Amino acid sequence: MKKSTLSMAILGALAFVGATLVNVAPAYAAAGPYYVSPSGNDANAGTLAAPFKTIERARDVVATVNAGMTSSIEVYLRGGEYVLGSTITFGPADSGQNGHRITYAAYQDEKPVVSGGTRLSGWTRIAGPLDIWKASVPPGFQTRDVYVNGARAQITGTVNGLQADANQGSSLGSGDPFAGGEWQQTDAGYIVHDTRPQSWGAGVEFVWSGIGANTVNGWAEPRCRVASVAPKSGAAGWSVITMAQPCYANVTTQKNEPAFAVREPSRIEGMFFNDDFRTQMSPGQWMYSPPDQGIFYYPHAWEDMSSIDAVAGRLETLVKFNGTPTSPVHDLSFEGITFKNTTWLAPNDPNGFAETQANVYQVGSSCTALTCEMRTPVGALELKSTTDVDLGGLTIANIGSTAVRMWDGAHSNSLSHSSITDSGANCVAIGHVIKNNPATEAERDRGNTISYNTLDGCAVRYRGGVGIFAGYVADTTILNNEIKNTSYSGISLGWGWGVRPSYLNNNRIHGNNVHDTMLAAPAGLIDGGGIYLNGETATGAGAPGDRNKITNNWVHNQGRSIAAIYLDSGASRFDITGNVVERSDGVYWYNLGGTYNALWDNWTDTQSSRVANGSGTNTIGSNVTGITSWPAGAEAVKAAAGP
């Protein structure tokens with residue numbers, strides 16, 4: 001009897017606990033909708049009245065019910081700021097199923113903001129003649145990007161870098177970091193007649209604006225860290241600057257093409273706080289001191305440090321859709337959300353940022369010609385091996401690297417009706433720069449669409465970047481975007497310069513308003529254009545369905561470009577028709593030896609073009625040049641261009 005009573009007591013207790021657990025566990029609606037709010041709680045049921053707190057929790061709950069989807073599932077984000085502790089990752093298991101989609105969207109007209117930054121506060125003024133303030137950050141904190149009142153703050157640096165005349169080693173002018181000294185370049189770095197570099201410490205970066213025999217001409221802006229500085233043995237007053245490797249070796253050889261190697265840096269940036277660079281700080285600039293665990297900022301006269309809104313980028317990627325070519329992430333939508341405040345730390349490492357073109361950069365030390373290991377900067381929104389992932393109505397701002405990157409088996413994804421401002425690298429990047437002919441279709445980047453977006457201020461930190469970059473791609477549509485205020489080209493399509501045949505075909509650039517590009521000129525980058533084309537179309541002489549088409553674009557207000565529409569070496573089988581070119585600093589189109597291209601029925605107020613006719617295979621005709629009053633057809637193209 002005692003044993004039986006005990007058993008019954010235990011069963012009764014378990015029943016009570018079970019009932020209690022049932023009563024407190026939230027009940028999830030199998031088909032949603034689910035709600036998330038910064039003021040919510042992840043222990044909630046995810047309803048409008050009791051929302052989750054994090055996007056990750058909503059993702060995880062959806063993953064428990066999506067296998068049985070019979071209709072779409074919506075996750076609504078309430079307004080407010082979602083400060084991420086780490087990147088939100090969506091894998092194949094988080095995809096829409098059974099032909100239905102999962103949508104993460106802003107709730108009604110509210111404005112959810114997803115941030116990858118750390119807000120800086122507790123500012124204190126440091127002693128000294130300059131108005132420099134410090135905010136503390138956690139130990140081990142790293143950033144390359146600080147945003148103040150919604151605008152990018154500039155890193156402290158010298159504008160002129162090492163300057164010399166035609167005789168390398170000449171004395172330097174006033175305002176340079178080595179005024180009155182001399183310098184020479186070595187295989188390991190530089191030797192300078194100045195002792196101040198010996199006090200630099202870590203975090204100093206050399207920037208070369210333009211690759212060429214002298215560094216004011218070219219199309220890229222690589223940068224490498226200084227590894228160490230030491231006194232020169234037996235030479236009082238001289239310093240030996242040793243650069244980080246393999247970065248320095250890569251930028252001084254540039255694909256084993258010495259003609260493109262760098263010489264003197266045009267800018268020297270002091271990332272970490274030290275006395276030498278502190279005295280050169282100007283209003284609106286910042287530095288970082290790991291030993292002091294602080295960010296230092298020199299405010300503008302109109303900025304009040306008691307109310308300033310300063311954020312340091314902490315994460316590189318906010319959301320990553322992480323599939324594989326054989327198991328992609330698919331059938332997801334993100335709508336009406338703001339993404340902001342990221343950084344990009346890769347240039348800190350010994351590979352640095354050995355840029356070759358359009359923010360494509362080389363890593364490692366084993367490289368010949370175009371067989372180098374090349375990469376593109378990571379995306380704040382990273383679509384790796386994805387199918388039918390749609391991004392719409394987004395606001396993306398204050399980004400340390402690329403805003404949106406689609407690659408490694410990206411199929412039928414889209415970015416539409418969105419705004420991107422202040423992107424440190426390319427605003428949008430699509431496709432590989434290594435896999436020119438992947439073995440399987442699943443590995444190719446095909447059928448992606450970038451449409452009706454406004455891209456304003458692309459590649460503001462890594463100035464060799466562009467508005468939209470598409471490497472080895474097929475069936476890509478770049479439609480009715482406005483692209484403005486880029487440091488280099490507006491749109492760049494193709495890769496390989498005809499040296500590496502690829503599956504590049506049937507890409508379409510139509511109805512875009514591309515203007516105010518090549519803004520790094522005249523003292524910086526050249527050899528680009530409003531629309532830059534590269535690579536050979538995949539099929540024979542090009543069947544009509546396979547040719548790449550550049551149509552009805554309005555390209556205007558170009559800086560120091562080669563051409564408004566620029567077909568670089570090996571760009572072949574492109575149809576260029578119905579475009580309007582206005583106020584271009586270069587020629588209206590430039591074909592450098594490509595074959596089987598066609599240029600007809602375009603309008604321009606420019607008189608000149610340049611054509612290397614590719615053994616007579618190009619077709620040119622019915623283009624109207626030197627226009628002083630635009631005909632109706634041209635005006636219609638201009639009116640329809642852009643979002």
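The model is predicted, and accordingly local features were considered only at pLDDT of at least 70 and side-chain atom pairs only at pLDDT 80 or more, whereas totals for chains, interfaces and linings use all residues. Residues are numbered from 1 along each chain as its sequence is written, and side-chain values rest on heavy atoms, with hydrogens and water left out.

With a salt bridge defined as a side-chain nitrogen of Lys or Arg within 4 Å of a carboxyl oxygen of Asp or Glu, the count comes to 31 salt bridges. In one of these, the side chains of Asp145 and Arg461 meet with an N to O distance of 3.9 Å. Asp145 is located in the loop between β9 and β10 (146-148), and Arg461 in the loop between β37 (454-458) and β38 (468-470), so the pair ties together parts of the chain that lie 316 residues apart in sequence; helices (H or I, at least four residues) and strands (E, at least two) are DSSP runs numbered from the N terminus. Both partners are assigned by relative accessible area, for which buried means under 20%, exposed over 50% and partly exposed in between (1.4 Å probe, protein chains only). Asp145 counts as buried at 1% relative accessibility, and Arg461 likewise counts as buried, at 9%. Salt bridges that share partners join Arg144, Asp145, Arg152, Glu205, Arg223, Arg225, Glu269, Asp422 and Arg461 into one network.

A further salt bridge is formed by Asp390 and Arg101, with 3.3 Å from N to O. This pair also links distant parts of the chain, since Asp390 belongs to strand β30 (residues 386-392) and Arg101 to the loop between β4 and β5, 289 residues apart. Asp390 is partly exposed, with a relative accessible area of 25%.

Attention then turns to an open sheet, in which five strands follow the order β8-β9-β21-β20-β12 with mixed pairing, two strands being taken to pair if DSSP finds at least two bridges between them. The edge strands, each of which pairs on one side only, are β8 (124-125) and β12 (154-155). Strand β8 runs antiparallel to β9 (residues 133-136) and is joined to that strand by two bridges, with Thr124 having Lys134 as its bridge partner in β9. Arg125 forms a salt bridge with Asp131, the closest N and O atoms being 3.0 Å apart. Arg125 counts as partly exposed at 40% relative accessibility, and Asp131 is partly exposed as well, with a relative accessible area of 28%.

Two loop residues were examined individually. Asp94, found in the loop between β4 (88-90) and β5 (102-106), is buried, with a relative accessible area of 11%. When residues up to four places away in sequence are not counted, Asp94 touches Arg59, Ala63, Asn66, Thr89, Ile102 and Leu332, a contact being heavy atoms within 4.5 Å. The C-alpha atoms of Asp94 and Arg59 are separated by 6.9 Å, although these residues are 35 residues apart along the chain. The side chain of Asp94 also reaches the backbone nitrogen of Gly91 at 2.8 Å.

Thr606 lies in the loop between β52 (603-604) and β53 (610-612) and is buried, with a relative accessible area of 11%. Its contacts, again not counting residues up to four places away in sequence, are Ser584, Gly586, Val587, Tyr588, Thr625 and Gly626.

Definitions and conventions. Polar contact = N/O pair within 3.5 Å; in protein donor to acceptor, adjacent residues only side chain to side chain.
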